[in-house]
Amino acid sequence: MFKEYDFDTALKVIEKNTHLRGGLVETLRNLADTFGYINEELYPVLADTFSQSEAGVLGVVSFYHDFKTKPRAKNVIKVCMAEGCYARKSKNMIKVLCDTLETDIGEKREDGEFEIEEVFCLGNCAVGPNIVVNDKLYAEVTSDNVKNIINKNCKGK
């Protein structure tokens, strides 16, 4: 679970990597791990700390798919859509998840409880299709057992 965003805590996270040459990406990763996203109000601080322009910081944030600029849902479900999982019908799970959780791909449900995200390769191809639920990997997931996995792992269902 992520911490509630707090500017002072964010400054402490940034401070931890100021000694690293080219520490911007590591700092962004630490901020994402702490808060679930990178608050845009930090761009000037990050730019100054790592001798970048704010546009440069934005460029790095937008380049990496895992860096988000908005708060995440309490429960994040990632569905692999790479070739191996797709061939094993991961697309069917998308429909089941969207219908069950009443949200669309890439959207956070209105109550903030759920978010479904398409990802491309979770590195577990031999036993796909795969999903990640709140950072826990599940293999050989089907449209039949995906509801049980969600119910077991997510509060707010």
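This report covers the fold, core, aromatic pairs, surface patch and charged contacts of a predicted model.

## Basis of the model

The structure is predicted: local features need pLDDT of at least 70, side-chain atom pairs count only at pLDDT 80 or more, and totals for chains, interfaces and linings use all residues. Residues are numbered from 1 along each chain as its sequence is written, and side-chain values use heavy atoms, with hydrogens and water left out.

## Overall fold

The protein has seven helices and four strands. Both kinds of element are DSSP runs, numbered from the N terminus: helices are H or I with at least four residues, strands are E with at least two. Along the sequence the pattern reads α-α-α-α-β-α-α-β-β-β-α.

Taken along the principal axes, the C-alpha atoms fill a box of roughly 50 × 30 × 20 Å. Of the 157 residues, 42% are buried. Buried means under 20% relative accessible area, exposed means over 50%, and partly exposed lies in between (1.4 Å probe, protein chains only).

## Nonpolar core

In soluble globular proteins, nonpolar side chains tend to be buried together. The largest nonpolar core here has 20 residues. Such a core is a set of buried Ala, Val, Leu, Ile, Met, Phe, Trp, Tyr and Cys residues joined through side-chain atoms within 4.5 Å. Leu24, Leu28, Leu31, Ile38, Leu42, Leu46 and Val57 touch the most other members. Helices α1, α2, α3 (43-49) and α4 each supply at least two residues of this core. The largest share, five residues, comes from α2.

Leu31 lies in helix α2. Its relative accessibility is 0%, so Leu31 counts as buried. Leu31 and Leu122 are 91 residues apart in sequence, and their C-alpha atoms are 22 Å apart in space.

## Aromatic pairs

A pair of aromatic rings is described by the distance of the centres and the angle of the planes. Rings of Phe, Tyr and Trp (its six-membered ring) pair if their centres lie within 6.5 Å; planes under 30 degrees apart count as stacked, over 60 as edge-to-face and the rest as tilted. The count by this rule is four aromatic pairs. One of them joins Tyr5 and Phe35 edge-to-face, at 5.2 Å centre to centre and 65° between the planes. This pair links distant parts of the chain, 30 residues apart: Tyr5 sits in the segment before α1 (7-15), Phe35 in helix α2 (residues 24-35). Both Tyr5 and Phe35 are buried.

Tyr64 and Phe67 have ring centres 5.6 Å apart and planes at 65°, so this pair is edge-to-face. Tyr64 is partly exposed at 36% relative accessibility, whereas Phe67 is buried at 6%. Ring pairs also link Tyr5, Phe35 and Tyr37 into a cluster.

## Surface patch

Val25, Phe63 and Tyr64 form a nonpolar surface patch, with about 310 Å² of accessible area together. Areas come from the Shrake-Rupley method with a 1.4 Å probe; for residues, only the protein chains shown count as cover. Patches are made of residues with over 30% relative accessible area and no salt bridge: like charges are joined within 9 Å, nonpolar side chains (Val, Leu, Ile, Met, Phe, Trp, Tyr) within 5 Å. Phe63 is in helix α4 (residues 54-63). Phe63 is exposed, with a relative accessible area of 65%.

## Salt bridges

Side chains of opposite charge can pair when their charged atoms come close. A salt bridge is a side-chain nitrogen of Lys or Arg within 4 Å of a carboxyl oxygen of Asp or Glu. The whole structure has seven salt bridges. In one of them, Glu117 meets Arg72, with the closest N and O atoms 2.6 Å apart. Glu117 is in strand β2 (residues 114-119) and Arg72 in the loop between α4 and β1, 45 residues apart. Glu117 and Arg72 are both buried. A network of salt bridges links Lys68, Arg72, Glu115 and Glu117.

Glu113 bridges to Lys74, with the closest N and O atoms 3.3 Å apart. Glu113 is buried at 13% relative accessibility, while Lys74 is partly exposed at 46%. Lys95 bridges to Asp99 at 2.8 Å between the closest N and O atoms. Lys95 and Asp99 are four residues apart in helix α6, so about one helical turn separates them. Lys95 is exposed at 54%, and Asp99 is partly exposed at 49%.

## A buried polar contact

Asn75 is found in strand β1 (residues 75-80). Asn75 is buried, with a relative accessible area of 5%. The side chain of Asn75 makes a polar contact with that of Asn134, at 2.9 Å. A polar contact is a pair of N or O atoms within 3.5 Å; within protein, one must be able to donate a hydrogen and the other to accept it, and residues adjacent in sequence count only if both atoms are side-chain atoms.
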